[in-house]
Amino acid sequence: MNEQVNAPKKFIVPIGPQHPALKEPGHFEFTVDGEIVTGASVRLGYVHRGIEKGCEQRSWIQDIYLLERICGICSHSHATAFVLGVEKLAKVTVPPRAQAIRTLFLELERIHSHFLWLGVAAHEGGFDTLFMYSWRDRETVMDILENLSGNRVNYSANVLGGVKYDVDEKQADEIRKGIDFLEERAHYYLNVVTTDETFLGRTRHIGLMSLEQAVTLDAIGPTARASGLARDVRVDAPYAAYVDFPVKLVTDDRCDLVGRFVVRINELFESYRLIREILDHLPAGDLTTKCPRRIPEGETISRVEAPRGELFYFLKSNGSDKPERVKVRTPSLCNWASVINLAVGHNLADIPMILAGIDPCFSCNDRSVTIRNPGGSQVWSWEELRRYGIEHYK
Amino acid sequence: MNIAINPLIALLVFPGGIFLLGWGLFYEFLDRKLVARFQNRVGPRWFQPLADWVKLLAKEEIIPDGVNAGLFLALPVVALAGALTAALYVPMAGWMPSSSFRGDLVVTLYLLSMMTLCIGLAGANTMDRFSLVGATRALTQLFSYEAPFLLALLGPALAAGSWQISDVNAYAHNNLWMILYQPIGFLVAIVGLMGKLELPPFDAPEAETEIVSGALTEYSGRGLALFKIGRNVELVVGLSLVAAFYLGGLSNPLEFILKTLGLLLLTAGLQSLFARLRIDQTVGLWWRIGAILALVQLLAILAGQAIRGLF
């Protein structure tokens, strides 16, 4: 009892589940000593939506639209990862034009996601002007996507065996015009994040993650590439049209938040180049090919480089028109370990920026919840599971 | 302008009471609108600050568990009273200060610090962790900008040879604008004022992405409304003070409006130019650069006066 009284009390700053810094619910506890963070923990699972289970009750075609709704930002990446896997199972060869248009959407989505991230990260650092400017410019790419598909967020461009939307010359010209404007803006933002002294004061040497750490903590996506780790599914295992339109891997060896800004903005330039190339050399041909309703029995994995990193799908078919199992692992989940480890030793004020530095997407990664059962039994009845759910979300 | 005002009117209507509250709300609107336009946003409508304020006043004030209720209720009142009282010694709207005595500059500066002290106390009074961190930051920031800000306002006072605001105002009016030969002092004063008002980039004490609302997290309803309007009043008083000292004095309402608006435009620009400073960066900036600059300025004034005394 005495020991407890004498022990120094821990001062814990809770961030979330509801907090101005978080746009989605998650819970972080930072133990602080004055302004310095001495410990960090994360608890996820507030927005688990049971999408994987839902997939098993819907047909392969319906699942495309359900999976697209996992993430509001990288919706097309999810749909593409899924249809690529299904097409592999069904041994369907998709026409090259469809693959090119899929890739076009993927890259446009990357542009919109990186501009969004730039704004959010700047806002976490209290630089609202950059936030407003980058989101204003992001509207250009949102308009392009709306022009192509009729939607700003869930484009529904994919179908099994191809794509729905074609790109005509008029649309291509509009895309080129938008891309020209965005390229100029990206140059400007690259200049801002690498030369603005107050902003550099908040990002330089903050959240340092060495190459070894990035490998150990299993970081992926731009977060890993900012530490010099050359890891990109588009390059390592090209899918869709990345075989015909190769991507140059963008890395940076700054290893800190500046590096994460620079990598993402440099990736934008690569996306612009790729989009122009695809538009100039769009293969002629059909948009779709026939894909069976019942997918042959089998298992496969499918990987896509989403804007945040590697998106992983596992698909299992039992030969019916519904999948037996769909397992999704989103990129944000892989990067949490880096946040928790990097936070220690930093100022409390740096935490939101380190958190935003991985471009977290909470509801995407709330795929499963860990159930720690003190009783020992791992098998729960429906009633027990229901009661647990009520307790958990209370 | 030198027209005597009945003391009661001076306290309640002009320049002390309703006028100051209204003008404070108007400047809050201008500030928000300007920053919004700089950031490519639309910004609020002209009555938005008033609407916010009335709404807050009408809302329930929740007194959280574990606070000293008397202190919790009194602090916003004291903070607003401090800011309003400070206005009596400042040439508001170009009129002579309603009240004036030798050394009122020091009293005014202390009254202007009441706000930050009250916010610090308010944060320390609650058990909320965001409030505690915010209070620590608010007081840390107070210790960093207060001395340079004081030194920056002493510069014109030394030049005028008086610590009475009305004398400095008259001296500034009759001589060359002091911003021209004390530019460092002006810069320190205007940036110090931004630190005092916790405007970006010095908004670490209320950084919403880290500590929600800082020291005022637990405040709601009337208490929050009083703190907010207190800060608006302080904005007007601070801008008037800097304009009176550095921009050639305030001798009529037109001068008051033009000069304080010019300063407001400057602060709004500075607010949208920078990323938020961490609290350690704020302290470093003020003590490594701000204080030394202000001291150099002060020494230059003293040296100049000594040399002039020789001839």
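**Close-ups of a two-chain predicted model**

**View 1. A positive phi at A:Asp218.** In chain A, A:Asp218 sits in the loop that links α9 (211–216) to α10 (221–225). This is a predicted model, and here the backbone does something worth a look: phi of A:Asp218 is near 60°, a positive value in a residue that isn't glycine.

**View 2. Another positive phi, at A:Ser156.** The loop between α6 and β4 (158–159) of chain A holds A:Ser156. Its phi is near 50°, again a positive value in a non-glycine residue. A:Ser156 has 17 C-beta neighbours inside 10 Å, so A:Ser156 counts as partly exposed.

**View 3. Where chain A touches chain B.** The contact draws 24 residues from chain A and 24 residues from chain B. On the chain A side, the elements giving two or more residues are α5 (96–124), α6 (128–149), α8 (197–203) and α14 (351–357). Of these, α6(A) brings the largest share, five residues. Sorted by type, the chain A side comes out as eleven nonpolar, eight polar and five charged residues.

**View 4. The buried face of α7 in chain B.** Zoom in on helix α7 (residues 165–174) of chain B, and you'll find B:Ile165, B:Ser166, B:Val168, B:Asn169 and B:Ala172 buried. Looking down the axis of α7(B), these buried residues fall within an arc of 160°, so they line one face of the helix. What covers the buried residues of α7(B) includes α5 (104–125), α6 (129–160), α8 (178–181) and α11 (221–246) of chain B.

**View 5. A cis peptide bond in chain B.** B:Pro200 and B:Pro201 are joined by a cis peptide bond, with omega at about 0°. As for where to find B:Pro201, go to the loop between α9 (183–196) and α10 (208–211) of chain B.

View 6. Chain B has 13 helices and zero strands. Its C-alpha trace spans about 65 × 45 × 40 Å along the principal axes. The radius of gyration of chain B is 19 Å, which agrees with the value near 19 Å that a compact globule of 311 residues would have. Buried residues make up 52% of the 311 residues in chain B. Among contacts in chain B with a separation of 6 or more, 79% are between residues 24 or more positions apart.

Technical notes:
Residues are numbered from 1 along each chain as its sequence is written. Chains are lettered from A and ligands numbered from 1 in the order in which they are written. This is a predicted model: local features need pLDDT of at least 70, side-chain atom pairs count only at pLDDT 80 or more; totals for chains, interfaces and linings use all residues. A residue is buried if 20 or more other C-beta atoms lie within 10 Å of its own, exposed if 12 or fewer, and partly exposed in between; C-beta atoms are placed from the backbone. Helices (H or I, at least four residues) and strands (E, at least two) are DSSP runs, numbered from the N terminus. The arc is that of the directions from the helix axis to the C-beta atoms. Two residues are in contact if their C-beta atoms, placed from the backbone, lie within 7 Å. Ala, Val, Leu, Ile, Met, Phe, Trp, Tyr, Cys and Pro count as nonpolar, Asp, Glu, Lys and Arg as charged, and the others, Gly among them, as polar. The radius of gyration is taken over C-alpha atoms; the globule rule is 2.2 Å times the number of residues to the power 0.38.
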